[in-house]
Amino acid sequence: MAGPKYTTDIRKVVQIPADEREQLAEVARKFAFRSNDYYLSLIDWRDPGDPIRRIAIPDPEELVEWGSLDASGESAYVVAPGMEHKYDQTALLLVSDLCAGYCRYCFRKRLFMQHTNEVARDISADIAYIRQHPEISGVLISGGDPLFLATPRLERIIRQIREIEHVKIVRIGTKIPAFNPYRIIDDPALPGMIRRYSTPEGRIYIMTQFTHPRELTDPALRALDILQSAGAMLANQTPLLKGINDDPAVLTELFRSLSFAGVAPYYVFQCRPTLGNQHFAVPVEEGYRIFEQAKSRCSGLARRSIFAMSHRTGKIAVVGLDDEHVYLKYHQAARREDIGKFMVYRRLPEAVWFDDYADLVRESRITRTEEEVRQVPPLIT
Ligand code: SF4
């Protein structure tokens, strides 16, 4: 069958009243709109706060000036065209500046806003860099959405990575199973390619991004089954977003449904302070409570995720709260000596990012000063 039809013109989404479409076209001029008729059919148009609508449809709130276009400071880790090397073991390769839909909360929306040279068209310099760095055991292919590339093009990329002996894990970050499962269902070449390169010694991991349980439709489950049957390992990461999944019942359903489908819930990310994202931000401490409540209703297999901020210095997990303090830990860090570092800050219910706590450090209103925090011995070395 022909796949879903794409649209980049919000004025053609006839389910939205005409006058509203004009207003949303203004928003889409700043932050590009893109979706397809499959994904738009998941929206309950009678509900103005429908979570799928919030994921896909522009909102005038995006014009509120808040946040930055590179909230995680990715530019500081660029080592070759389209490639970032932040954590020793992992290289991040951006290969596409297109997605099957643009998430309104995207933290890399800069890729769709202007012509950037952040995406690698020719990966020869990236491959050379990876070859010279034997500590890199995994490459995360991302974008944009790598599965939006034609399979032969994706295969050329994966083949070159696979030729490097020390790279064992190839990860593909994608929202295609949610946005357009027919990209997988209708392409017999894709499972064949995965089968060739996901081997017993080094698997291909598909990092899905299901953000709401209603995205796990029958076609989406069929697509996941095709990927699994081809030998890919599946794990899911999602941001925690106001009005989409900031409800323990919704998050529980997401974790449970993923685990039933054999997809490991992996990261739940604090919404990054990205330009245009203020209306999606849930405060850190509230997010942690939602996350813990959701996990408490799940079996062990559905509880494997970590709630973390993907900060410019590393992945900072929120690991506990008491009446006065919030407990944070570097799950991953750009500086090796920070890995496992445990940090205690005074509660700040309005904090939406690690920097909000760090600002308190500068104001000397925290439990430990920044320097003292640095002295805390890592739990993991
Ligand atoms: S799929 Fe990923 S890269 Fe694409 S718009 Fe959504 S969050 Fe951004």
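Predicted model: local features only at pLDDT ≥ 70, side-chain atom pairs only at ≥ 80, totals over all residues.
Is alanine 281 buried or exposed, and what is its relative accessibility?

1. Alanine 281 counts as buried, because its relative accessibility is 8%, where buried means under 20% relative accessible area, exposed over 50%, and partly exposed in between, with a 1.4 Å probe and protein chains only. The residue lies in the loop between E10 and helix H12 (284–296), helices (H or I, at least four residues) and strands (E, at least two) being DSSP runs numbered from the N terminus.

2. Residues are numbered from 1 along each chain as its sequence is written, and side-chain values use heavy atoms, with hydrogens and water left out.

3. The largest pocket has a volume of about 1000 Å³, and of the 45 residues that line this pocket, the closest to its centre are Phe107, Arg108, Leu140, Gln237 and Arg272. Among the elements that give two or more residues to its lining are strand E4 (83–87), strand E6 (138–143), strand E9 (233–240) and strand E13 (325–333). For the terms, a 1 Å grid over the protein atoms alone is used, on which a cavity is a set of points where a 1.4 Å probe fits but cannot get out, a pocket is an open set with protein on both sides within 12 Å along at least five of seven lines, and lining residues have an atom within 4 Å of a point. Grid points are joined across faces, edges and corners, and a volume is the space filled by probe spheres set on the points.

4. The lining of the largest pocket divides into 18 nonpolar, 18 polar and 9 charged residues; Ala, Val, Leu, Ile, Met, Phe, Trp, Tyr, Cys and Pro count as nonpolar, Asp, Glu, Lys and Arg as charged, and the others, Gly among them, as polar.

5. The ligand takes the space of the largest pocket, a molecule being placed in a pocket or cavity if more than half of its atoms lie within 2 Å of the grid points. Around the ligand stand Cys99, Gly101, Tyr102, Cys103, Cys106, Phe112, Gly144, Lys175 and Gln209, each with a heavy atom within 4 Å. By class, this shell has 5 nonpolar, 3 polar and 1 charged residues.

6. A search of the whole structure finds 1 cavity of 30 Å³ or more, and the largest cavity has a volume of about 70 Å³. Its lining includes Phe31, Glu62, Tyr102, Cys106 and Met113, and divides into 7 nonpolar, no polar and 3 charged residues.

7. Cysteine 106 is buried, because its relative accessible area is 15%, and cysteine 298 also counts as buried, at 6%. The count of disulfides comes to 0, a disulfide being a pair of cysteine sulfur atoms within 2.5 Å.

8. Isoleucine 244, in the loop between E9 and helix H11 (248–260), is buried, with a relative accessible area of 3%. Arginine 29, in helix H1 (residues 18–30), is exposed, because its relative accessible area is 57%.
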